[in-house]
Amino acid sequence: MGVLRRWRAAGGAIVRVLVVWAVSTATMAVLAGILPDFRIQSPTGDSPTRIAVTAAAAAGAFGLLSALVWPVLVRAVLLVPALVLGLLVFFLNGSLLLLALRFTPDWQGDIAPATAVVIAAVMSAASSAASTTLAMRDDAAYGRRLARLAGRRRGAGNEADGAREPGFVFVQLDGVGHDVLREAVRPVTRKGRLRPPAMETVAEWLDGSHRLVPWTTDWSSQTGASQLAILHGSNEDVPAFRWYEKETGQVMVCNRPSCAAELERRAVARTGRAGLLAPDGASRGNLFSGGAGQLALVMSVSTRRRRFSADRLAMARLRSRAVGAPEGGDPAAVLARVGATRSRTGYFAYFSDPANAVRTAASFCAEVVQEITESVSARLRHERPRVRRGGLYPFLRAFATVVERDVAVAAVVGDMLAGRGAVYADLVAYDEVAHHSGPRSRDAMRVLRRLDRAIRLIADASRYAPRPYRIVLLSDHGQSHGETFETAYGLTLRDLVRAGCGLPVRRRARGTASGAEARAAARAALHRPEHGGRAGEERETAGPSSEPVVLASGNLALISFPDLPGRADRQGVEARHPALLRTLAEHPGIGFVLVLDRERGPLVLGGDGGEHELETGRVTGRDPLAPFGPGAAAAVLRTARFPHAADIMVNSAYDPVTRAVHAFEEQVGSHGGLGGDQSRAFLLHPFDLDGPDPLERLVGAEAVHGLLAGWLGRKPVAEAPPVADGKDEQPVAG
């Protein structure tokens with residue numbers, strides 16, 4: 001029987017090759033009849049038989065070159081920036097076609113180089129469609145197709161083929177809030193007709209196999225803080241997405257590669273453990289490695305060359321012990337063993353298949369066109385709120401929604417086929433689009449539909465893995481909608497701070513950059529210097545040291561005075577700028593202000609003279625934290641105790657009725673502070689896993705780490721963040 005199955009498999013493979021060859025031949029012949037500057041016959045004309053033979057020979061040569069030469073070309077062109085690669089594959093494919101035609105016997109036709117690019121793309125798409133259609137009818141062939149998608153052979157990797165202990169795949173849907181997910185799994189009525197939900201796969205899981213629970217983020221409701229805690233067990237001293245550290249004069253930005261590496265180093269040193277994914281896991285498309293041995297598109301290791309400082313060596317030794325490596329040895333070898341590789345290594349696994357490369361490149365271009373169309377349409381409809389969506393944004397959106405998604409999903413499929421024990425992947429597509437179009441916009445819902453198809457692909461691929469897998473979906477935060485602070489009030493927060501300090505204010509306010517994950521990922525792929533971004537995006541320390549540094553993280557802002565040593569207290573700030581704190585606290589667009597009082601400790605200031613002492617819980621006047629829910633005081637107090645909490649921290653106003661906030665950046669969908677859906681993330685897990693008690697709420701990203709570590713059979717490295725007192729044990733209102 002075994003021999004018979006092998007013969008059947010071989011026969012099926014031969015049939016598929018012949019069918020794909022025939023499709024490619026027919027495609028070339030049709031294009032030769034349609035395109036005026038491409039012909040496969042001599043100028044004097046040839047018989048139909050000769051034309052068919054010539055087309056078949058050319059198509060066969062092109063297919064052979066694609067199979068043999070393309071992987072080598074892709075490995076070479078990975079030295080080219082990733083965004084350029086998406087366009088370069090078209091020209092490389094065309095060059096292969098020109099080369100194939102030169103090798104075709106008795107070739108007497110003619111073709112323009114530009115036309116070769118178009119023909120090669122069409123032929124690759126046609127052959128890919130034919131191959132995929134045939135594979136879908138054969139489970140074994142479909143499994144091999146998925147293996148090729150990931151650039152690996154089935155069963156390869158560091159896990160035994162016979163491993164039967166269930167593995168885990170954690171898929172992070174970046175920025176998808178709990179309530180948005182619930183809406184995305186419900187059927188919708190449109191024009192009197194009931195339409196299927198945006199996320200049909202997830203809806204099916206909720207009906208049968210999975211349970212959905214919310215969890216509440218920390219005050220810093222953004223990927224850097226949440227993912228660091230989920231993967232490494234601690235987000236201590238991460239007060240926001242970006243903050244100023246006085247002792248070094250550096251602005252820390254969570255998605256800057258060097259900063260991500262430093263934050264990971266600090267977390268590993270604090271917890272004494274390599275991370276959730278050590279030793280045999282895989283980290284795909286994340287800011288942090290989680291201690292995984294297999295990395296792709298990970299920001300904390302995306303720098304090409306790093307000097308081995310004492311701190312880096314200490315972290316390398318700690319991580320090597322976690323994976324069983326011996327003490328000592330070459331530091332470079334130690335880091336190589338624990339997966340400290342460049343983040344772009346995942347590109348080769350995907351782009352080594354020319355059909356994948358062409359499909360992704362075509363989807364990239366289509367996404368750019370779609371974004372431009374949607375932006376123009378939103379402007380013509382006079383949608384509000386609305387932000388600028390020009391410049392490089394269409395390309396950054398396409399990079400996040402197409403390239404990062406495709407490469408990360410292919411890597412996850414490969415990890416399952418390799419039998420790895422734990423995989424964590426971040427899909428950032430929704431977060432990027434929701435920042436500019438809105439969390440519940442039609443644009444964002446379309447992205448969720450595509451993410452649902454990606455989830456379906458991962459679930460289908462698990463059938464061919466050497467071990468069973470439990471697939472867990474989760475988010476790192478949600479997003480809250482609302483007009484920007486500048487749009488609503490005609491000036492930026494920096495202008496308001498300067499006015500409160502008695503400093504000159506520019507006539508026209510300038511919005512800060514979005515700071516979405518895709519911008520930093522694209523810059524890393526392009527090898528752009530970390531400090532070479534847009535003005536005001538990361539380097540917001542220009543000007544005399546006596547002037548305040550104002551940094552925005554969604555609807556949370558941090559104000560620091562570089563020339564005041566240590567953390568400035570309320571008395572010191574008021575001595576220098578008597579009107580600043582009240583200017584901020586009384587502004588209608590600001591919900592509350594956190595400052596350190598010399599005698600009363602961390603103090604929250606609000607409008608109408610309202611004050612909330614966080615250490616004692618004493619409230620004077622109207623409680624500034626009341627609109628944000630009963631858990632707000634505990635979340636703010638925890639951040640107030642961080643060593644790098646800013647001199648002044650500002651949270652925008654929040655309307656409990658409309659659930660709107662005001663981002664201090666140019667975003668209509670924002671996150672980073674308190675207020676609305678941004679603080680309410682989700683966790684979707686199989687029923688056979690013990691989830692949180694329904695009567696208890698999951699509060700803080702460190703608590704999520706504890707839950708996931710328990711599922712993996714590992715001791716959690718941190719507990720849920722402490723609360724100030726009994727009345728604050730409920731989560732922040734979402």
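**A kinked helix and some salt bridges**

Helix α15 has a kink of about 35°, centred on F399 (the bend is the angle between axes fitted to the seven residues ending there and the seven starting there). Bear in mind that this is a predicted model, where local features need pLDDT of at least 70, side-chain atom pairs count only at pLDDT 80 or more, and totals for chains, interfaces and linings use all residues. Residues are numbered from 1 along each chain as its sequence is written, and side-chain values use heavy atoms, leaving out hydrogens and water.

**Helix α15**
- Helices (H or I, at least four residues) and strands (E, at least two) are DSSP runs, numbered from the N terminus.
- With 25 residues (393-417) at 1.5 Å a residue, α15 should span 36 Å, and its end C-alpha atoms agree at 35 Å apart (the expected span is 1.5 Å times one less than the number of residues).
- In α15, 24 of the 25 residues are buried (under 20% relative accessible area; exposed is over 50%, partly exposed in between, with a 1.4 Å probe and protein chains only).

**Salt bridges**
- The whole structure has 33 salt bridges (a side-chain nitrogen of Lys or Arg within 4 Å of a carboxyl oxygen of Asp or Glu).
- R470 and D688 pair up at 3.1 Å, N to O.
- R470 sits in strand β12 and D688 in the loop between β24 and β25, so this pair ties together parts 218 residues apart in sequence.
- R470 is partly exposed at 24%, while D688 is exposed at 52%.
- R570 and D597 also form a salt bridge, with closest N and O atoms 3.8 Å apart, and both residues are buried.
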